[in-house]
Amino acid sequence: MAIRQLSETLINQIAAGEVIERPASAAKELIENALDAGATRIEIATAGGGKALLRVSDNGSGMDAADLELAVRRHCTSKISETLEDIRTLGFRGEALPSIGSVARLSIASRKRDSTGGHEIAVTGGKIAHMRPAAANPGTIVEVRDLFFATPARLKFLKTEKAEAGAITEIVKRMAIAFPAVRFVLSGSDRTTLEFPATGDDHLARMAQVLGREFRDNAIALDAVREEISLTGFAGVPTFNRGNSAHQYAFVNGRPVQDKLILSAIRGAYAETIPSGRYPVAVLSITLDPALVDVNVHPAKSDVRFRDPGLVRGLIVGAIREALARDGSRAATTGASDMLRSFRPGFQPNSQRPQGGWSAETSPSRPFQPTTGFGERPQASFDGLSMPTARAEPQLSPQPPAPEPNARYPLGAARAQIHANYIVAQTEDGLVIVDQHAAHERLVFEAMRKALHSKRLASQVLLIPEIIDIPEEDCDRLMQHAAELSELGLAIERFGPGAIAVRETPAMLGEVDTHGLIRQLADEIAEWDTASGLSAKLEYVAATMACHGSVRSGRRLRPEEMNALLREMEVTPGSGQCNHGRPTYIELKLSDIERLFGRS
């Protein structure tokens, strides 16, 4: 078969298959062009999920007739000259407009700011129409209609109009976060209008517009530099998490990217702080010399390659972990909001008329019966309290009592333990509810992790070794890693073909469920050995041990024990969430409590 030259239209349609995958891809390219033109206001309109109509209007520098003629031809660009080593613009390939014009009905109207009139050019299925004068404001309007009409096979692979419209919305959100000084408006017949007013240099205000006001309250600032690479942005506290990774935004030299290295680094930085199946919220901006990163990996320009990926990953992981250690122990404000929503009026005298006539036992207006308690049957600890009266006794001193010193601590002073699991503490401006098991689990884990990097953990020798029967293959796996387990203070030996003898346990765990611990470790090793050695996952083993050796739910604590737990939480990094990522405490401000009772 003879080799022949493909037509220009077919070449453009082939290129469009890589550059323009869906309407959102076209929207991304057009918005990037507007930003490169210096626009401060960008308006996007869609119809039919962007398939029927996609219009992008901006107030950028605009183009004259000569520029407009070249803009619709392949590999024509004003953004690079002879090298790809110093790319400082979002676009540079010169393929977007001709690719769109080859598969859709494209029209571009533009006017330079110092020009008295504008011009318009149209491209339909790869055929360029003659230039003509047009009335236009300074800037550019690009209109794309009937996307993929020239390549109908591509239409079969598109999703529903709602899904395509949602993908365009996500593109606009990413661009809005990257450029807070630009006003974005997204509208159309297939959506409700979305507007992001310009916030100038206040990046956090723009993030709050996109990610919600709660992100501002639960974000920790990042600012780190390593060699020639700088990292800025915000990372959410671990307890402020989402069900997918769609709320993780990364930018390299201002370019929105979805790079696997960056996403992996974020996941690694939040290890042991986020529950399985949950994802942190983060906005990271990486700035480095353009020569140290290759953005020409894929036509969509969403993937990048760093010259030193290890340096970038280390910078991200280190900066986030340092921020979490500094300010990540606080609980997310969403916990208090969820708790407020869960409250319901508990006394509604007229909500339901009793059946079968009135009786003292069923009447909604019956007197309060102390024997019913507060929903918890054994309230023995309250038996010694005297009943309140309305008598007013004179005070020995007219001065109010001084506040208890403990109440001035961040987590306050312990006031009660309810359901043998939750500690209620009073702070200066509210109250805190602590999950005692989750909190102590985190404290034990942090102590074990700290000891791991210094020396072998202290162990306690069992007077009588614990013999645990488990399958032979689990015994083999455990014994292969006996040395690593010994570093954690857990000494084991083989006791026959299907049993393990535990001779020592970590001293800091105290009384531990040895049988449950060994079986869980065997299950985890069986999973990890398929990928990497246990030595790289000692912290996971420490987390498992901490869970089995922490203060259990159902154990009643003395006041001094509760306060000791609170004080230790205040000085322990990451104490705002347990090893599984669940919150260890919820804070409720006094203003929230007063709002529940209609006092504010």
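I take contact to mean heavy atoms within 4.5 Å. The model is a predicted one, in which local features need pLDDT of at least 70 and side-chain atom pairs count only at pLDDT 80 or more, while totals for chains, interfaces and linings use all residues. Residues are numbered from 1 along each chain as its sequence is written, and side-chain values use heavy atoms, with hydrogens and water left out.

Entry on the cores. I looked up the nonpolar cores, each a set of buried Ala, Val, Leu, Ile, Met, Phe, Trp, Tyr and Cys residues joined through side-chain atoms within 4.5 Å, where buried means under 20% relative accessible area, exposed over 50%, and partly exposed in between, with a 1.4 Å probe and protein chains only. The largest core has 89 residues, and those touching the most other members are Ile42, Phe184, Phe215, Ile262 and Ile316. Helix α10 (residues 309-327) gives this core its largest share, 9 residues. I also found a second, separate core of 16 residues, with Cys475, Leu490, Ile500 and Ile518 among them.

Entry on Ile262. Which residues does Ile262 contact, leaving aside its neighbours within four places in sequence? I noted Ala250, Val252, Val257, Leu284, Ile286, Phe306 and Ile316.

Entry on α9 and α10. Helices are DSSP runs of H or I with at least four residues, and strands are runs of E with at least two, numbered from the N terminus. Helix α9 (residues 260-269) packs against α10 at an angle of about 35 degrees, with the axes 9 Å apart; axes are lines fitted to C-alpha atoms, for helices over the stretch in contact, and angles run from 0 to 180 degrees between N-to-C directions. Among the residues that meet are Ile262, Ala265 and Ala269 in α9, and Val312, Ile316 and Ile320 in α10.

Entry on α2 and α4. I then turned to helix α2 (residues 23-36) and helix α4 (residues 96-103), whose axes come within 10 Å and cross at roughly 140 degrees. The two helices are therefore oblique to each other, given that angles under 35 degrees count as roughly parallel, over 145 as roughly antiparallel, 65 to 115 as roughly perpendicular and the rest as oblique. On the α2 side I listed Ala26, Glu29, Leu30 and Asn33, which meet Ala96, Leu97 and Ile100 in α4.

Entry on Ala66. Is Ala66 buried or exposed? Ala66, in helix α3 (residues 65-71), is exposed, with a relative accessible area of 51%.
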